[in-house]
Amino acid sequence: MCGIVGYAGCKNAVDVILSGLKRLEYRGYDSAGIALSGENLLVHKKNGKISALEQSLAEALPSDTGSYHAGIGHTRWATHGAPSDVNAHPHMDCHNEIAVVHNGIIENYAVLKKMLIEKGHVIRTETDTEMIAHLIEYHYTKNSDLLSAVMKTVAELEGTYGLCIVSKNEPGRIIAARNGSPLLLGAGDGEMIIASDASAIVEHTNKVIYLEDGEIADVNKDGFKTYDLDLKKVDKIIEDIDWDIQAIEKAGFSHFMLKEIFEQPETIHNAFRGRAILDTGSIRLDGLRLTEDDLNDIHRVIFIACGTSWHAGLIGEYLIEEYARVPVEVEYASEFRYRKPILKKGDLVIVISQSGETADTLAALREAKSKGIKVLGITNVVGSTIARESDGGIYIHAGPEIGVASTKAFTSQVTVLIMLALMLARRHDMNAEESRIYIEHLHSMPDKVNEVLRSSEYIRKIAEIHKENKNFLYLGRGVNFPVALEGALKLKEISYIHAEGYPAAEMKHGPIALIDENMPVVFIAPRDFTYEKIISNMEEVKARGGKIIAIATHGDEEIKRYSDHIIYIPEVRKLLSPLLTVIPLQLLAYHIAVFRGCDVDQPRNLAKSVTVE
């Protein structure tokens, strides 16, 4: 979603802010802008990429921008108003003395707009954000300063916001406010950085302060003060970011997505390291913070997530029901709280979000907690809102994921869910030796994933053959049905080819009508108890002229009779198979997108972290 960067210090603010905005490009955006705070307030914004803003800045602004040592910047992902120069952030008041950048949505903006127009304010844009600038102007009287004006303004806002505000009258001062949209401060040596994501901060410092909802920060080069909405001072803890700038570089890969696909042997290992204990056949997940009584009281697990994380939750459903014999439901976060969900004693809600900031998932978490239900979080980002508001949880330790299309976070989530299933299974009827065997196989997965990754060039050749196809069908059974959904989603996200995932047996109930010689069908067909059924489904596709791409187990000769292309994976236990079967699908989507000339890391219309409903 939109990106925010603010800076107050001794460096050239233009350089720091633009560099920070570039670090946030992966979040998705359509325009960018900057406001510089010094003797004058300079604002410049441009539709399109940050490079367009840079070029426009060089042509339009004075050559002495190096004298500006404070400012705010923004990359916008359009909600209210089409992408344009006018609708880009920052937004200003009537007298061009206050500049505002904003992530989120102001739900009562229409009411505010009507009120402001009646009071004589001139509205220039189609955005909800502009109302914030005019409200601050309205409250910014001779007897108030910027902080008190912002305090009065946010009290009138309904919706979500992450805000940074500067004023011509108070150079070098930035006010930041948060409600439902992530915002954090970086504390450097004689400088402060404000950002919506830590990736814009780590270049300067690893010391961060996470703002909570309902908090406002008063920032200048010498430090910060934080307050609640009643202007009571809030003491904050300075925390460390545990990764550095190299983690968000491409490291020689053509795209972040490809780098992250190839990082999966390491990230899967990081997810189970120190948790899957081979010697004892046990799983250690201390972050869950569940007592023996809590574990004994679990009668139903409810996974809540969106997108790729939802697919991981579906895999978790298969695993926990089969191995731990606990009923599981998987809910779309966007629907959960709007349908009066039935929650009761014995339910355990687990929310899954890579960023830990997904708005719908966070809202579902709060809905469940409001009903007295224990909520756990599975997330990648330490200090994220979901991590802080959950009763306990599990970090997946995948490291920063820059590509919009999630890859390594998915396999890390699945790894964590495998461990959760084994932990619960030990409480049912899985003995230590059986668990130890599964853990031994889990420990072998990084090497097996590396083996699949060595097929990348072969998969690239398959991609070249099918790059012009308009539709794809992905089919799997059992625990690999969610992998089919994930494979189809990856192709849609980055290549803009229409693709659908189905349980293989459901093909006969409609999708088979689409199959002809122009329809590639991807079958996930490892040798397991569903294999013979999958072969029957392949026969049906072959009879109708469909082209088959099979994901199959090494040594499977029979499948050659039905397949146009075969991508082999090592033999693997069913419990662990999604960690291997998804890798060829990620690579297939990637290579097709590259052949089609698509922007792999920043696909159109998509944002990495969806922080608005």
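Predicted model: local features only at pLDDT ≥ 70, side-chain atom pairs only at ≥ 80, totals over all residues.
Student: How are the rings of W310 and Y332 arranged, stacked or edge-to-face?
Tutor: A pair of aromatic rings is described by the distance of the centres and the angle of the planes. For W310 and Y332 the centres are 4.1 Å apart and the planes stand at 10 degrees. Planes under 30 degrees apart count as stacked, so the pair of W310 and Y332 is stacked.

Student: Which parts does this pair tie together, and how many residues apart are they in sequence?
Tutor: W310 belongs to helix 9, which spans residues 307–324, while Y332 belongs to strand 18, which spans residues 328–332. The pair therefore ties together a helix and a strand, and these parts are 22 residues apart in sequence.

Student: How are the rings of Y323 and Y438 arranged, stacked or edge-to-face?
Tutor: The ring centres of Y323 and Y438 are 5.6 Å apart, and their planes make 85 degrees. Since an angle over 60 degrees counts as edge-to-face, the arrangement of Y323 and Y438 is edge-to-face.

Student: Which helices hold Y323 and Y438, and how many residues apart are these parts in sequence?
Tutor: Y323 lies in helix 9 and Y438 in helix 14, the latter covering residues 432–443.

Student: Over which ring does the charged end of R604 sit, and how many Å from its centre?
Tutor: A charge over a ring is found for K467, whose charged end sits over the ring of F595 at 5.7 Å from the centre. For R604 the ring is that of Y496, and the distance from its centre is 3.8 Å.

Student: Which strands are the edge strands of the open sheet of five strands?
Tutor: The sheet has the order 18-17-19-20-21 with parallel pairing, and its twist averages 20 degrees from one strand to the next. Within it, strand 17 (residues 300–305) is joined to strand 18 by five bridges, and F303 stands opposite V330 in strand 18. Strands that pair on one side only are the edges, and these are strand 18 and strand 21.

Student: At about how many degrees to strand 19 does helix 13 run?
Tutor: Helix 9 lies across strand 17, strand 18 and strand 19, and runs at about 170 degrees to strand 18. Helix 13 (residues 408–426) also packs on the sheet, where it touches strand 17, strand 19, strand 20 and strand 21. The direction of helix 13 makes an angle with that of strand 19 of about 160 degrees.

Student: Is H134 buried or exposed?
Tutor: H134 lies in helix 4, residues 130–139. Leaving aside neighbours within four places in sequence, its contacts include M92, D93, C94 and H121. With a relative accessibility of 0%, H134 counts as buried.

Student: How many Å apart in space are N605 and L157, C-alpha to C-alpha?
Tutor: N605 is placed in the segment after helix 19 and is exposed, with a relative accessible area of 64%. N605 and L157 are 448 residues apart in sequence, and in space their C-alpha to C-alpha distance is 27 Å.

Definitions and conventions
Residues numbered from 1 in each chain as written. Heavy atoms only, no water. Phe/Tyr/Trp six-rings, centres within 6.5 Å; stacked < 30°, edge-to-face > 60°. Helix = DSSP H or I, 4+ residues; strand = E, 2+ residues; numbered from the N terminus. Lys NZ or Arg CZ within 6 Å of the ring centre and 35° of its normal. Pairing = 2+ DSSP bridges. Axes fitted to C-alpha atoms, helices over the stretch in contact; angles between N-to-C directions. Contact = heavy atoms within 4.5 Å. Buried < 20%, exposed > 50% of the residue type's maximum accessible area, 1.4 Å probe, protein only.
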